[in-house]
Amino acid sequence: MINNVRGSEDSISMDQKPDERTQSQSHRCQLLDLPWEDVLVTHVFCYLPLRHLVSLQCVSKSFRSLIQVYLANCRKFDPTETGPHIPKEAFCSMLRHNQVLHHLCVTNCSDWITDKELLPVIGQNQHLLHVDMRGCVHLSRHALVAVSLSCPRLQHLSLAHCEWVDSLALRSLADHCSDLRSLDVTACRQLKDEAMCYVAGKCPALRSLSVAVNANITDTAVEEVAKKCRDLERLDLTGCLRVRNEAIRTLAEYCPKLQSLKVNHCHNVTESSLGVLRRRNVEIDVEPPLQRALVLLQDVVGFAPFINLQI
């Protein structure tokens, strides 16, 4: 039955005149004939890597126009998906018309991006929820102020190794982005206890915080964060040399949801305070003293010795 149908279709096709067959082929639906915004942008291109979409612009003028429509409507922009580096001109062109971004990552642009390129993008995207500016050393405090004023719904912000971040800019962030859930100010060495205490008071919904590699941070800031941010789940204090056991005990008392604590190179934090958190199964990046001693001994003698811990 199926073969008969196929045969009849073939015979009809053979009976058609050449002009009719050409006209029939010209009416076949092609990819670009599908609705761009309702189908291609929403249900097809969202599954393709950004580097492939950028390459499609070279196919034809129609494809270039289609990709521009996609870029104007995409909610997430992460240049790391295009390769190790993205040219300045490409970045500006790709985001020129976008006003609906929710997620913006510019870490792959850290070698060249300045306020001149970033501020227009921030200013026209007031729905941003996640901004990642790690390692962007050529930006200034004006970039953080722009994020604060333009993105009141911001929830996640990474400023790691941005030494231009100062207390006034961070206070502006806290004043305007009270829904902040995670903040990474690793190696932002201008920040001191006062700034972090202000953030804790204004952003009680914080669940993840990193103030690592900052010798200015003391027990005062850690204790204020613990008391004001009761839902805190992750805290990174790596290299905070002035943090002591008292702050860790306060953290254990006020933050029952704590899941991860990093205190490597915090030489004033000992097992007397960490033990309480270990018993709650909090993940800690330093091993207990006995375990560290066993590992060291194993490295020295080449085997794991038997030790009776009940002695």
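Predicted model: local features only at pLDDT ≥ 70, side-chain atom pairs only at ≥ 80, totals over all residues.
Me: How many of the contacts with a separation of 6 or more link residues 24 or more positions apart?
Reply: 72% of them do.

Me: Now single residues. Why is E233 called buried?
Reply: Its relative accessibility is 19%. Buried means under 20%, so E233 counts as buried. You'll find E233 in the loop between α11 and β7 (234-236).

Me: What does E233 touch, not counting residues up to four places away in sequence?
Reply: E233 touches R207, K257, L258, Q259 and S260. Then there's S208: the C-alpha atoms of E233 and S208 are separated by 5.9 Å, and the two residues are 25 residues apart along the chain.

Me: And L119, why does that one count as partly exposed?
Reply: L119 has 30% relative accessibility. Buried would need under 20% and exposed over 50%, so L119 goes in between, as partly exposed. L119 lies in helix α7, residues 115-123.

Me: Which residues is L119 in contact with, leaving aside its neighbours within four places in sequence?
Reply: They're H142, A143 and A146.

Me: How do you know whether L170 is buried or exposed?
Reply: Look at its relative accessible area, which is 0%. The cut-off for buried is under 20%, so L170 is buried. L170 lies in helix α9.

Me: What is around L170, leaving aside its neighbours within four places in sequence?
Reply: L170 is in contact with L144, L183, V185, L191, A195, M196 and V199. Among these, A195, M196 and V199 are also buried residues of helix α10, which runs over residues 193-202.

Me: Nice, so on to helix pairs. Why are α9 and α10 called roughly parallel?
Reply: Their axes come within 9 Å and cross at roughly 5°. Angles under 35 degrees count as roughly parallel, and α9 and α10 therefore get that label. On the α9 side the contact is made by S167, L170, R171, A174 and D175, and on the α10 side by E194, A195, M196, Y198, V199 and K202.

Me: What covers the buried residues of α10?
Reply: The cover includes α9 (167-176), β5 (182-184), β6 (208-210) and α11 (219-228).

Me: How do you know how α12 and α13 are arranged, roughly parallel or roughly perpendicular?
Reply: Use the angle again. The axes of α12 (residues 245-254) and α13 (residues 271-278) come within 8 Å and cross at roughly 15°. That's under the 35 degrees cut-off, so α12 and α13 are roughly parallel to each other. N245, I248, R249 and A252 of α12 make the contact with S272, S273, L274, V276 and L277 of α13. The crossing of these two helices is left-handed.

Me: What about the largest nonpolar core: which of its members touch the most other members?
Reply: That core has 84 residues, and M133, L237 and L261 touch the most other members. Helix α5, residues 61-73, gives the most to this core, with five residues. Not counting residues up to four places away in sequence, the residues M133 touches include V106, L118, L139, V147, L157 and W164.

Me: Last thing. What makes the phi of V213 worth a mention?
Reply: Phi of V213 is near 55°, a positive value in a residue other than glycine. V213 is in the loop between β6 and α11. With a relative accessible area of 35%, between the 20% and 50% limits, V213 is partly exposed.

Definitions and conventions:
Residues numbered from 1 in each chain as written. Heavy atoms only, no water. Buried < 20%, exposed > 50% of the residue type's maximum accessible area, 1.4 Å probe, protein only. Helix = DSSP H or I, 4+ residues; strand = E, 2+ residues; numbered from the N terminus. Contact = heavy atoms within 4.5 Å. Core = buried A, V, L, I, M, F, W, Y, C linked by side-chain atoms within 4.5 Å. Axes fitted to C-alpha atoms, helices over the stretch in contact; angles between N-to-C directions. Parallel < 35°, antiparallel > 145°, perpendicular 65-115°, else oblique. Left-handed = near helix turned anticlockwise from the far one by under 90°.
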